[in-house]
Amino acid sequence: MTTTASPALPATKPEIRRVRRWWPTPKLLIIVAVVGVIGYLALVPLYYLLWGTFFDANGFSLGGFARAYGDGRIGGLVANSLWFAIGAAVLALFVGTSLAYLNVRTDVPFKALFFAASIIPLIIPGILYTIAWIFLASPDIGLLNKVIEPIFGHGIVLDVFTVWGMIWVEGLHLSPIVFLLMVAAFRAMDPSLEESALMSGATRLQVFRRITVPLTRPAIIAAVLIMTVRSLESFEVPALLGLQNGIYVFTSRIYFVLRTYPPDLGAAGALAVGLLVLAMIGVAISNLAGRSGKSFQTVTGKGFRPRPMELGRWRPVMGAAILAYFFFTVVGPLLVLLYTSFLKFYQPPSAAAFKSMSLDNYRQLLHLSQAMTALKNSVYLGLGSATLVMAAMAIGAWIVVRSRIPGRQLVDQLAFVPLVIPGLVLGLALSFVYLRSPIPIYGTLFILLIAYCTRYMPYGMRYAVTSMQQISAELEESAQVSGASWWQTFRRVLLPLLSPGLLAGWIYILVVSFRELSSSILLYSPGNEVLSILIFEQYENGQFTVLSALGVVMVLTLVVLVTVAYKLGAKVGLKQD
Amino acid sequence: MKTIGLWRRGRLACVLAAGIALTLVGGCGGSPTAGGPKAGGSDGPTAAEKVYAEIAGLSGKQRRDKLVELAEKEGKLDLYTSMTSDVADAVTGEFSDKFGIDVNVYRAGSETVLQRILQEQGANFRGNDVVETNANELFALNKEHFLAEYKGERRDLVPEAGRFEGWTATRFNLFAPSWNTKLVPAEQQPKTWEDLADPKWDGKLSMELADYDWYLTLYGYWKKQSKSDEEIDRLFAAMAQGAKIAKGHTVQGELLSAGQFSVVASNYSYIVERAKKKGAPVDYLPFVQPVIARPNGVGLMKTAQHPAAAMLFADWLLEEGQKLLVDEGLTPAIVEDNDPLKGVEIVPVDVKTLVEHGDEWSKRYEKVVSNGEQVKDK
């Protein structure tokens, strides 16, 4: 049993007896409910998407595929997309992992500073983050170029309007996903393995490469998977940075086919189905890799306390590197936003610009009619969807990783489906269903809650599965041997051990739900506005300066929320010294 | 043996999940994307249409009084619009203050407004009484037979280019070239549309990704000026040559102020006007002519639950509301005196072509902006 390394738990005898009596155990009820919810949330939009893709008014058709892929330039589009997506994924992986490692596993300085700050790129709405980078690194007006010009001369210019620029901006914007995933993974890692390697004479780099990375492989695979799909789908960065020099990517096609009337759901669906196939393969690989044994199970019956590694003389070097990193990626864009939020219109810094500064934009923010309602609704929805998703996905991950239920892989695949469904299609699918449902959900905040839970289920699942794969089955076995019921084991043993991963997922969902627009905009009703709709309106009004002010306020609010969550989170689960 | 019980349960769970999902969705029957049933087909006039017809004959004070009386009984108005929120706030605020009628506003981009109404009408859900949005979307709504006939003396004052079956223009968005006054010396700005093709703007001109309505109208205008297809294609190709393509007029305006572009080919004049008012170094005057105008309008829903309030809103928007739109920097549909556009040649967007052949033109424009290659297939 142990050599085949199956993490599944053997069913215990009392359970079988209970089943024979045909009385559903709480375990069965919970599993059925969670599987039902996952299936329902995923299948509704998927069904809608597939119908739209393969059927038109005249019945079955593959015309959507012809329209989506039958473009002479599709080869170039795909090549650009892959280059961009893989580049961004690699950059995010590198940045996110390094930061997480330094933060959790070493005694690097400035921890308090960079923990909150590494999440900031996630909070800033994509459009603001991208525009801030235009102001920083455009060859025409970029502030950074003005700074480096006297140093390097005219020859060297930072140009954000290139594929490298796109990779840079997207990679940094995505890096918090990796950071959160990897923080959870490193927290659950027994440092004695690294210490033994060090004792045996390995260098720090060797330890990182040969011990640390292999042990966190499930988290790394999950991160790569999510990020590649995300950057293949992302539109803001390619639209604002790529188009300017004619760099077209795959998703510009989705934009073109959905903006016409009637929206060409067939072609949009065909593109989404392409992504879906890619993502399904990715999930299958990740599970195959994750299943391949006990090698990732670092949380075992042996007691351990994760303890930070001493960096020694590298400590100041790392500290300086972190400061430099934050200056360029967080402080820079944030300063641009802060600066813009005091202006009447954006202009490069000058004496006149500083003279014209005022708090008008913030004042205007206070007078926005729905600002308070929107903030309240966003907080409710963010907390609600983050909590519901992580609770359900904790069970879902148990089914996928631990149980031996046939078809458990399907649960994982289903949970991943919403990642590839365009937001507008999700909105259409939900309004289609709930306009006809006898339950009066349409026009209430609940329809948004359902939309958010659906959209963020894939992230929740990745976070939960990754953590679950690190926890050894022997802990559950001991609990059950000692007479604990399944539910007791789950609640008292697994949940606390999973908590770093669940908390990371919870924070991620909370933060990104504040930005969700593409399905909210179709589904909201008067009185149920959310913050992202307000942002969209200010953006449409051309109030970029007010928008910057709103961005600054959002960053401050969420940094406070996230910090509180982490302070609370540090009190449960694995303790650090 | 141990696994059998679990296996059964597993299969049960899967079957159950699939069952729930399929019954809930599949129970609705038919393709969800094949378009909803046509509302208001041959079943005769709806209740709302009867109200509209009853009022249509009235005019002046009598009409207003009657509408106010009925609308007060209805008590509220559900409006779906793509006006920007500052304009929408001003308009609905003033309307409710004047008549004491609560206005519920759903605000989104025009495509989203259209999608929302299509979805709701497809399910016989009466979400809105009146819609105010772009020409394309109103045209589409009328094609689906969702919009009722609106008659009245205010509509008759709207120029013919703004009176359509099922909807009436309330304002125009003007497409005009704009420039950064710091980067473009006085008198060097483009004076004709053809000027935009000048190689001196290579690397300095910005075009918008989705302005095919502007493209097809200018194309049609040049055709009427007896330019050949090749000539026109060459002009657009020369514009696109070295052009910086941007997505969204708002971003384009912002980046023009910031100096990222020197000239923008087809921004809305009101966006530039607002930036100018705040002191940004941008201008669009004197107009490059002809100015291309895209109507935005108002339509009454056949399924309105508050038809009198809807009609009152349309009347009001075409009367008192027009002044309000001017105050917000927009171009009203009805000009009674003091026309700010006096002497300016205006060409309305060819809405019919836009809706009927929009897809084709959208693809042509996509090719123009994507690499400046010549568009030959026609």
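In which loop of chain B is the place of Glu187(B)? The legends below answer this and describe several close-up views of a predicted model.

**Figure 1. Glu187(B) in a loop of chain B.** Glu187(B) belongs to the loop that lies between strand S5 (167-180) and strand S6 of chain B. The phi angle of Glu187(B) is near 70°, which is a positive value in a residue other than glycine. Most residues other than glycine have a negative phi. Glu187(B) has 6 C-beta neighbours inside 10 Å and therefore counts as exposed, since the cut-off for an exposed residue is 12 or fewer.

**Figure 2. Asn124(B), a residue with positive phi.** Asn124(B) is placed in the loop between helix H5 (110-122) and strand S3 (130-134) of chain B. Its phi is near 55°, a positive value, and Asn124(B) is not a glycine. Is Asn124(B) buried or exposed? Asn124(B) is exposed, because 12 other C-beta atoms lie within 10 Å and a residue with 12 or fewer is classed in this way.

**Figure 3. Strand S6 of chain B and its pairing with S7(B) and S8(B).** Strand S6(B) spans residues 205-208, and both of its faces are covered. On one side stand Leu205(B) and Met207(B), on the other Ser206(B) and Glu208(B), and all of these residues are buried. S6(B) runs parallel to strand S8(B) (residues 263-268), to which two bridges join it. Within S8(B), Val264(B) stands opposite Ser206(B). With strand S7(B) (residues 244-246), S6(B) forms three bridges, again in the parallel sense. Which residue of S7(B) is the bridge partner of Glu208(B)? The partner is Ala246(B).

**Figure 4. The packing of helices H3 and H12 of chain B.** Helix H3(B) covers residues 60-74 and helix H12(B) covers residues 307-318. Their axes are 8 Å apart, and the helices pack at an angle of about 130°. H3(B) and H12(B) are therefore oblique to each other, and H3(B) passes H12(B) in a left-handed crossing. H3(B) contributes Leu67(B), Val68(B), Leu70(B), Ala71(B) and Glu74(B) to the contact, while H12(B) contributes Ala308(B), Ala309(B), Met311(B), Leu312(B) and Asp315(B). Sorted by class, the contact of H3(B) with H12(B) has eight nonpolar residues, two charged residues and no polar ones.

**Figure 5. Two cis peptide bonds, at Pro286(B) and at Pro290(B).** Most peptide bonds are trans. A cis bond joins Leu285(B) to Pro286(B), with omega about -5°. A cis bond also joins Gln289(B) to Pro290(B), where omega is about 0°. Pro286(B) is found in the loop between strand S9 (282-283) and strand S10 (291-300) of chain B. Pro290(B) likewise lies in the loop between S9 and S10 of chain B.

Figure 6. Why does Trp51(A) count as buried? Trp51(A) has 21 C-beta neighbours inside 10 Å, and a residue is buried if this number is 20 or more. Trp51(A) and Gly266(A) are 215 residues apart along the chain, and their C-alpha atoms are separated by 8.4 Å. As background to this view, chain A holds 27 helices and two strands. Of the 577 residues in chain A, 52% are buried. Among contacts in chain A with a separation of 6 or more, 82% involve residues 24 or more positions apart.

Note on methods
Residues are numbered from 1 along each chain as its sequence is written. Chains are lettered from A and ligands numbered from 1 in the order in which they are written. This is a predicted model: local features need pLDDT of at least 70, side-chain atom pairs count only at pLDDT 80 or more; totals for chains, interfaces and linings use all residues. Helices (H or I, at least four residues) and strands (E, at least two) are DSSP runs, numbered from the N terminus. Two strands pair if DSSP finds at least two bridges between them. Axes are lines fitted to C-alpha atoms, for helices over the stretch in contact, and angles run from 0 to 180 degrees between N-to-C directions. Angles under 35 degrees count as roughly parallel, over 145 as roughly antiparallel, 65 to 115 as roughly perpendicular and the rest as oblique. A crossing is left-handed if the near helix is turned anticlockwise from the far one by less than a right angle, and right-handed if clockwise. Two residues are in contact if their C-beta atoms, placed from the backbone, lie within 7 Å. Ala, Val, Leu, Ile, Met, Phe, Trp, Tyr, Cys and Pro count as nonpolar, Asp, Glu, Lys and Arg as charged, and the others, Gly among them, as polar.
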